[in-house]
Amino acid sequence: MASKVVYSPRDPMLKKRDDFEDVLEERRRSGDLRYALRCYSPVLYKGPTTSKASELKTMVLQSDQLHYVVNQVSRESGVPLDDVQAEASVILEEMAHRLQLSTVRFFAFTLSKVFKAIFRSICVNEEGVQRLQQVVQEHPVVLLPSHRSYMDFLLMSYLMYTYDLPLPAIAAGMDFMGMKVVGEMLRMSGAFFIRRSFGGDKLYWAVFSEYVKTILRNGFAPLEFFLEGTRSRTSKSLTPKLGLLNIAMDPFLKGEVFDVSLVPVSISYERVLEETLYARELLGVPKPKESTSGLFKARRVLSEDYGSIHVYFGPPVSVRSLAEGRVNRSQFSLTPRHIPRRPSEDVHSFVNDAAYRLVRAQEENMVLKPWVLLASLLLQNQGAGQNRGVPLDELIQQAVWLRDLCRQFGAFLHWPDQIPSSEVVSSSLSLHGGLVRVSEDRVYLALEQEPHCSLTAEEELLSQAVVVLSCASYRNQVLHVFLRPALLAAAIHTASSSQKQEVYSSFLFLRNMFSNEFILCPGAAVQDFEEACYLLTKVGALHINQHEVLTAERGHRTLAFLTSILDPFLQGYQMVCSFLCEDATQALTERRFVPAVRAFIIKHLLKGRLRYPEVLSSDLQRNALAALLRLGAVQKVQGGEESGTLKVNRVMLNSLEDTLGGRLSTQKALRAHL
């Protein structure tokens, strides 16, 4: 079977890893007050950062684009022009940041105290900082950090101040503005506040987009936002949101700046502050509202040990280079620049591809800690029904095997080789003592309840699920390393033969099914398949010729591990299909879907029909529904009395459930050809 080779294999072990510097080392040696009051003189590509917030607001309100939209809204609504202009001013006043160096210095002092109390180290790649110091003087810069914790944007600003880099203007949700005192302090540290959704509010969109573009065009500050749009409660990367990235690229596409530099930043936590909070949210416990009182109640974290953080500033990505051969910029000359227009199909496709590429860069530069490997092994042991724990010596051996496999797959793994593996494992288990316990040289997930607790069977199950989901969030950090080989391993398991075309069809089916669950770049199926084949051949797990994919004798252990790592997702998607076929009522809506499917899954878990409490995750359930809507197995009714309800295709759902369970070969309709 001939195919065009689009995956160019490289030896991941040869991938250059930058040297890291622990920024807390200097803070522990010198005074925090001296650090906070030191000379701070950052330089941007248009010179020293001396522009005032009032100048930025004036430029936005006087811009041609905003004047055009104000006139348009006035005509369409019949509201006097001055009133619409006044509304735009109110929106801008509510939104805009107001940087004050005194507040920045206060945060620098306070965060130094906090970070030294709860983190062992904050390690930053020096070469990445040097690249950033250079590029901020050449072009507008957009910082794109991964988003796993509320700590992310505080940490980013702290590091920018530490390295004498200009503090970014940070896109923040309106939730934070409601925090008395703290909300205003965040505004004075660079945060600007935006609504979670704009609906069809033309005026709000015009003020917001012009505000962002004016920051970039005129060199007021680097822009910072989270491509994923919100914190990932599961530690998996989320599907990128394109709105802000579209706006950030617009000045280049319209020829207003020579280039824009996009800098993906990967922030890796050894222990996440919100781990238990996230698990409870995934089980349906409402997210606590952001408030100043809540912040003070969280002071108990200062007595905890959260290990180390690694921050990797990736190589800047030039929008100019990305767009070369992809976007014809002459299309922007057909209408005046100030007239808003929807992105054309080729621009939308370009921005979408760039967004996926940037999130993949974030993933690849995540620094993985030993605990993510231990969590993976302990969860697989739990899923296999072995509640007697794992002998510590055996866990160490398994972890070393998995460490070596990770490295062969090109993972960015922080495992100190100069320390005995037994000490590395013991240190990780100790740091995560709330999730595991060690007794008589055996390691267990901490699922047992206190003896005095009197819980119903359902309450006990949900309590155990908090621990399992917390561990899964760490396991998920390594999924991007194993994902493509795991999809191939699962495809081999479900394919009806070892024929390469049959295996590829199964791989394509699974990849398509899980494209809402994981970061799988559009149009890269063949590349992903060839990457998986290369990696599994490299480690000796597979023998692949032109027509067949065969399992090597030494490959069974690797393939079994990879198949098991996808099992919770396969079982979760099967359960969603089963629920929609068996229990879905005529009045089921998207809003009612998660509580209803959760009750269905709890019933099956209590009866012992399911192995993985992970399937209780609302994130997994929503992703499964999104996949079924995309595939047409479920449809959302539009209009009429049943508008918004979900209409299910039971024949297709049964077929998908059987295929996911390996009871039915991949449907011909979903087959593709290399």
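What share of the 674 residues in the chain is made up of buried residues?

## The chain as a whole

In this predicted model, buried residues account for 57% of the 674 residues in the chain. The chain holds 27 helices and 18 strands, and its C-alpha atoms fill a box of roughly 70 × 65 × 55 Å along the principal axes. Because a compact globule with 674 residues would have a radius of gyration near 26 Å, the 26 Å found for the chain agrees with that expectation.

## Surface and charge

The accessible surface of the chain comes to about 29,200 Å², and carbon and sulfur atoms contribute 51% of this area. There are 76 positive and 72 negative side chains, and the centres of these two sets lie 2 Å apart.

Strand 4, which covers residues 121-125, is mostly covered, with five of its five residues buried. Ser-121, Cys-123 and Asn-125 point one way from the strand, while Ile-122 and Val-124 point the other way, and all are buried. In a regular strand, side chains alternate between the two faces of the sheet.

Strand 4 pairs with strand 1 (residues 20-22) in the antiparallel sense over three bridges, and here Asp-22 stands opposite Cys-123. With strand 10 (residues 308-313), strand 4 pairs in the parallel sense over four bridges, and Ile-309 in strand 10 is the bridge partner of Ile-122.

Methods. Residues are numbered from 1 along each chain as its sequence is written. This is a predicted model: local features need pLDDT of at least 70, side-chain atom pairs count only at pLDDT 80 or more; totals for chains, interfaces and linings use all residues. Side-chain values use heavy atoms; hydrogens and water are left out. Helices (H or I, at least four residues) and strands (E, at least two) are DSSP runs, numbered from the N terminus. The radius of gyration is taken over C-alpha atoms; the globule rule is 2.2 Å times the number of residues to the power 0.38. Buried means under 20% relative accessible area, exposed over 50%, partly exposed in between (1.4 Å probe, protein chains only). Accessible areas come from the Shrake-Rupley method with a 1.4 Å probe; for residues, only the protein chains shown count as cover. Lys and Arg count as positive and Asp and Glu as negative; His and the chain ends are not counted. The place of a charge is taken as NZ of Lys, CZ of Arg, CG of Asp or CD of Glu. Two strands pair if DSSP finds at least two bridges between them.
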